[in-house]
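I opened the model and kept notes as I went.

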Amino acid sequence: MQSITFRKPVDLHVHFRDGAMLETVVAHTARQFARAIVMPNLVPPVTTAAAAEAYRGRVLAAVPEGVAFTPMMTCYLTDDTDPADLIGGHASGIFAAAKLYPAHATTNSAHGVTSIEGLDPVLAAMAEAGMPLLVHGELVHDDIDIFDREARFIDGVLAPLLDRHPALKVVMEHITTRDGAQFVASRGGRVAATITPQHLLYDRNVLFVGGIRPHYYCLPILKRREHQEALRAAATGGSAQYFLGTDTAPHMQHLKEAACGCAGVFSAPVAIEAYLKVFEEENALDAFEAFAALNGPAFYGFEPSQVRVTYEKRAWTAPQTIAVGEDAVVPLFAGETVDWALKGA
Ligand code: DOR
Ligand code: ZN
């Protein structure tokens with residue numbers, strides 16, 4: 001196939017940050033996506049409807065002139081989340097969803113939830129309001145191997161949570177294992193998952209080829225090949241329970257290339273191109289539109305984009321770095337040939 005046309009996709013999981021980084025990265029997502037679900041793990045985190053409304057304003061101010069792009073905001077749940085503010089923010093259209101970060105699981109999660117059972121009144125109110133819960137699905141403990149965190153979260157936290165809240169809609173964000181894909185499938189349509197490009201493209205070996213490669217380090221960490229294959233089957237298999245969520249997570253180059261580097265892959269500049277590579281390799285380009293543009297909107301309950309975009313087979317080279325003020329970020333595929341390109345761009 002030399003070109004493919006589909007509705008403009010939606011990225012159901014992005015990190016835009018704030019300040020100079022926000023100004024730089026929003027344009028890369030807005031170029032390819034009609035909407036995005038914006039993560040709330042700023043410093044300090046976005047924990048109230050007022051903070052989310054202000055952040056939405058800063059995101060919209062960073063969208064280039066003439067580009068139509070809708071940011072959809074999320075609330076960072078804490079032990080002190082006020083259910084009235086949360087549900088009110090959802091009812092007034094500020095919050096599309098709320099995000100559960102177990103405390104210390106990942107970047108800026110220090111304010112995360114320490115007692116998930118303690119959140120039950122909030123989760124009950126969300127279920128009643130039809131507001132989706134987005135989970136960072138890792139159980140983090142000194143005694144739990146980093147490669148087992150997702151499976152342990154499913155058994156220890158997520159399965160009981162779903163049993164306690166039978167009507168709550170839950171997205172398991174960035175699943176990385178066969179266990180994650182199978183669990184989502186086993187729980188029916190009120191449970192869904194996003195899948196990132198890096199977890200479809202690579203297994204954990206890429207972190208160590210020829211030396212340590214910090215730009216492939218993200219959380220949850222890349223897993224074994226058998227898990228990558230299970231994710232490819234899930235994404236391309238036609239089930240409406242899986243949808244596109246890049247988890248594009250920019251960090252300044254010097255903070256990635258460091259003795260203790262930050263977690264996150266900055267995929268926004270090549271996001272659709274990266275997914276198309278996977279779907280083409282799996283002979284599943286006909287399943288791409290559902291994954292990228294239909295399943296997410298159907299789960300959240302908003303209309304898919306009416307705009308159609310065409311990508312063509314045309315080689316180009318991804319930039320080595322993208323400037324952010326005096327600093328830079330390194331994108332996915334840096335310096336590599338990319339096979340697909342947005343027509344007219
Ligand atoms: O790799 C990651 N980066 N995983 C996350 O969960 C958070 C994200 C970030 O914000 O940098
Ligand atoms: Zn994320």
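These are my notes, entry by entry.

I am working on a predicted model, where local features need pLDDT of at least 70, side-chain atom pairs count only at pLDDT 80 or more, and totals for chains, interfaces and linings use all residues.

**Strand 4.** I took helices (H or I, at least four residues) and strands (E, at least two) as DSSP runs, numbered from the N terminus. I called a residue buried under 20% relative accessible area, exposed over 50%, and partly exposed in between, with a 1.4 Å probe on protein chains only. Strand 4 covers residues 70–76. Six of its seven residues are buried, so strand 4 is largely enclosed by the rest of the structure.

I then looked up its partners, counting two strands as paired if DSSP finds at least two bridges between them. Strand 3 (residues 35–38) runs parallel to strand 4, with four bridges joining them. R35 is opposite T70 there. On strand 5, strand 4 again has a parallel partner over four bridges. C75 faces A98 in that pair.

**Crossovers.** I called a crossover right-handed if, with the strands pointing away from the viewer, the path from the first strand over the helix to the second runs clockwise. Strand 3, helix 2 (residues 49–61) and strand 4 form a right-handed β-α-β unit. Strand 4, helix 3 (residues 83–91) and strand 5 form a right-handed unit too. I found another in strand 5, helix 4 (residues 120–129) and strand 6. Strand 6, helix 5 (residues 149–164) and strand 7 also make one.

**Strand 6.** Strand 5 (residues 95–100) pairs with strand 6 in the parallel sense over three bridges. L100 sits opposite V135. Strand 7 (residues 170–173) is parallel to strand 6 and joined to it by four bridges. V171 is the bridge partner of L134.

**Core.** I defined a nonpolar core as a set of buried Ala, Val, Leu, Ile, Met, Phe, Trp, Tyr and Cys residues joined through side-chain atoms within 4.5 Å. Which residues touch the most other members of the largest core? Among its 99 residues, F16 and L133 do. A second, separate core has 16 residues, including Y101, V171, A192 and F299. In soluble globular proteins, nonpolar side chains tend to be buried together.

I listed the contacts of L133 (heavy atoms within 4.5 Å). Beyond neighbours within four places in sequence, L133 meets L77, A98, L100, L123 and M126, among others. V170 and V171 are also on its list.

**T24.** I found T24 in helix 1 (residues 19–32). T24 is buried, at 18% relative accessible area. Leaving out residues up to four places away in sequence, T24 touches I322, A323 and V324.

**Ligand 1.** I counted a residue as near if one of its heavy atoms lies within 4 Å. Of the 14 residues around ligand 1, R17, N41, L219, H251 and A263 come nearest.

I then checked polar contacts (a pair of N or O atoms within 3.5 Å; within protein, one must be able to donate a hydrogen and the other to accept it, and residues adjacent in sequence count only if both atoms are side-chain atoms). A polar backbone atom of A263 is 3.0 Å from a nitrogen atom of ligand 1. G264 places a backbone N or O atom 3.3 Å from an oxygen atom of ligand 1. For H15, a polar side-chain atom is 3.4 Å from an oxygen atom of ligand 1.

Key: Residues numbered from 1 in each chain as written. Chains lettered and ligands numbered in written order. Heavy atoms only, no water.
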